[in-house]
Amino acid sequence: MRAEILELIKKARASSFNRNNYSVHVDLRSFVSSMLLHTWYDKKETSEKDVSVSDKEWLDRVIPDFQRANNKWNKSMKLKFVENILNGAKTELLLFRMEEDGDAQIIDGLQRTTALIDFFDGKIKPFGYSYSELKDSLRAFPDNISIKIYTFSTWEEVGRFYIDMNENITHSKADIQKAKDWFLAEHNIEL
């Protein structure tokens, strides 16, 4: 093998993306309980009836401060996304947690998560139906949501993963700069 290809392989193995994770695959009906399970560890006595993914407190907990603004999708985009999910489209949400902290936060999929929350809250009605009208039938739809959870040892690993995943792809320069500024201010990490 050529030396350049071996160097490329070595670089890929050292990439911020080449790390262990675990995934759960859920349908819309079990989305809420799955998200709460992975993001609300200190509420062991809390049931789904006590807290839901529509609670502002929950949403504030799962959106890290370095994440871009939660206003990138309009109502019609959210509606189309939920309709696509009901039609069988697959999606993946990425969460992360630090080794010393059990609570996970969203590292990728904030707009998609918000679209699903808006569906559960009745703010959007896919195919003209509200969540309350569809909830008893949701298990009949495919398990098409994958929640992947990464564990990081350092905030630098989190920052590199986030920047590498989004810079010059999905996030604006301002979104990336916001993240870089946060990591520098909060953890003295220059990305």
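## Hairpin and basis of the model

A hairpin connects strand 2 to strand 3 through six residues. Strands here are DSSP runs of E with at least two residues and helices are DSSP runs of H or I with at least four residues, each numbered from the N terminus.

The structure is a predicted model, in which local features need pLDDT of at least 70 and side-chain atom pairs count only at pLDDT 80 or more, while totals for chains, interfaces and linings use all residues. Residues are numbered from 1 along each chain as its sequence is written, and side-chain values use heavy atoms, with hydrogens and water left out.

Four strands form an open sheet in the order 1-4-2-3, with mixed pairing; two strands pair if DSSP finds at least two bridges between them. Strand 1 (21-26) and strand 3 are the edge strands, each pairing on one side only. From one strand to the next, the twist averages 30 degrees. In general, the strands of a sheet pair through backbone hydrogen bonds, in either a parallel or an antiparallel sense.

How many bridges join strand 1 to strand 4? There are six, and these two strands run antiparallel; Asn21 has Tyr150 of strand 4 as its bridge partner. Strand 4 (residues 145-152) also pairs with strand 2, in the parallel sense and over eight bridges, where Thr91 is the bridge partner of Ile145. Strand 2 and strand 3 (residues 105-108) run antiparallel and are joined by three bridges, with Leu94 standing opposite Asp108.

Strand 2 (residues 91-98) is largely enclosed by the rest of the structure, because seven of its eight residues are buried. A residue is buried under 20% relative accessible area, exposed over 50% and partly exposed in between (1.4 Å probe, protein chains only).

## Two helices in contact

The axes of helix 7 (residues 155-166) and helix 8 come within 10 Å and cross at roughly 175 degrees. Such axes are lines fitted to C-alpha atoms over the stretch in contact, and angles run from 0 to 180 degrees between N-to-C directions. Helix 7 is therefore roughly antiparallel to helix 8, the term for angles over 145 degrees.

Helix 7 contributes Trp155, Val158, Gly159, Tyr162, Ile163 and Asn166 to the contact, and helix 8 contributes Ile176, Ala179, Lys180, Trp182, Phe183 and His187; contact means heavy atoms within 4.5 Å. By class, eight of these residues are nonpolar, three polar and one charged. Ala, Val, Leu, Ile, Met, Phe, Trp, Tyr, Cys and Pro count as nonpolar, Asp, Glu, Lys and Arg as charged, and the others, Gly among them, as polar.

## Aromatic rings

The whole structure holds 18 aromatic pairs. Rings of Phe, Tyr and Trp (its six-membered ring) pair if their centres lie within 6.5 Å; planes under 30 degrees apart count as stacked, over 60 as edge-to-face and the rest as tilted. The ring centres of Phe66 and Trp182 are 5.5 Å apart and their planes stand at 50 degrees, so this pair is tilted. Phe66 lies in the loop between helix 3 (56-62) and helix 4 (75-86), whereas Trp182 lies in helix 8, 116 residues apart. Both Phe66 and Trp182 are buried.

Phe152 and Phe161 form an edge-to-face pair, with 5.5 Å from centre to centre and 65 degrees between the planes; Phe152 and Phe161 are buried as well. One aromatic cluster includes Phe66, Trp182, Phe152 and Phe161.

## An exposed residue

Is Glu190 buried or exposed? Glu190 is exposed, with a relative accessible area of 65%. Glu190 is placed in the segment after helix 8 (173-187). Not counting residues up to four places away in sequence, Glu190 touches Arg160 and Leu184.

Technical notes
Parallel < 35°, antiparallel > 145°, perpendicular 65-115°, else oblique.
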